[in-house]
Amino acid sequence: MTDSNNLESRIVEIYNLYYLDVYRFLVCFTGNQNDAEDLTQEVFIRVLKDLTNFNSKYNFKTWIFSIAKHVAIDHYRKKRFASLFKDGFFNQFSSNEKKPEEEFEVTELKQFIHEAIAKLKPNYRAVVILRGINEFSIKETSEILQCSAAKVKVDYHRALKEN
């Protein structure tokens with residue numbers, strides 16, 4: 001009984017610590033809030049299933065983001081590339097606090113960034129989201145993407161150069 005209480009409190013703690021970061025990553029990756037919510041749920045289901053298999057010599061946060069990356073790639077494979085960003089994700093965000101022209105500029109900028117990210121190859125997109133938006137270090141990004149730090153540097157450079 002005590003172990004299940006500890007496990008439950010550990011899961012709640014993990015969820016509270018990483019939910020928002022994982023959600024933001026998946027929103028950026030998919031371009032859709034609804035998909036990101038579903039995928040975030042899928043990430044934490046996988047975390048829950050594999051929690052007992054986690055090797056403590058690795059960074060827990062990078063392990064979770066590695067799972068998120070796999071979930072996002074799986075989702076990507078299920079959908080056609082062209083249909084991923086169809087509905088104008090950034091139009092879903094509106095703020096009543098800004099003036100219309102400011103809001104328009106922000107929306108335009110977000111749409112520009114979103115379109116630029118959407119044009120990238122999936123591996124470039126993941127690197128840009130992790131390094132450029134989530135501000136992970138090269139080492140953390142390489143752990144999440146399960147590749148070398150040199151590959152992260154090269155992919156990030158090429159992704160930025162591509163747009």
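Trainee: How many disulfides does a search of the whole structure find?

Mentor: A disulfide is a pair of cysteine sulfur atoms within 2.5 Å, and a search of the whole structure finds zero of them. Before going on, note that this is a predicted model, in which local features need pLDDT of at least 70 and side-chain atom pairs count only at pLDDT 80 or more, while totals for chains, interfaces and linings use all residues. Residues are numbered from 1 along each chain as its sequence is written, and side-chain values use heavy atoms, with hydrogens and water left out.

Trainee: Is Cys147 buried, exposed or partly exposed, and what is its relative accessible area?

Mentor: Buried means under 20% relative accessible area, exposed means over 50%, and partly exposed is in between, with a 1.4 Å probe and protein chains only. Cys147 has a relative accessible area of 22%, so it is partly exposed. Ser142, which lies in helix α6 (helices are DSSP runs of H or I with at least four residues, numbered from the N terminus), is buried at 9%. Ser142 touches Cys147, Ser148, Ala149 and Val152, not counting residues up to four places away in sequence, where contact means heavy atoms within 4.5 Å.

Trainee: Which residues touch the most other members of the largest nonpolar core?

Mentor: In soluble globular proteins, nonpolar side chains tend to be buried together. A nonpolar core is a set of buried Ala, Val, Leu, Ile, Met, Phe, Trp, Tyr and Cys residues joined through side-chain atoms within 4.5 Å. The largest one here has 37 residues, of which Ile14, Val22, Phe25, Leu26, Phe29, Val43 and Ile64 touch the most other members. Helix α3 gives the most to this core, with 10 residues.

Trainee: How many aromatic pairs does the structure hold?

Mentor: A pair of aromatic rings is described by the distance of the centres and the angle of the planes. Rings of Phe, Tyr and Trp (its six-membered ring) pair if their centres lie within 6.5 Å, and planes under 30 degrees apart count as stacked, over 60 as edge-to-face and the rest as tilted. The structure holds 10 such pairs. The centres of Tyr15 and Phe44 are 5.0 Å apart and their planes stand at 65°, so this pair is edge-to-face. Because Tyr15 lies in helix α1 and Phe44 in helix α2, the pair ties together parts that are 29 residues apart in sequence. Tyr15 is partly exposed at 36%, whereas Phe44 is buried at 12%.

Conventions: Helices (H or I, at least four residues) and strands (E, at least two) are DSSP runs, numbered from the N terminus.
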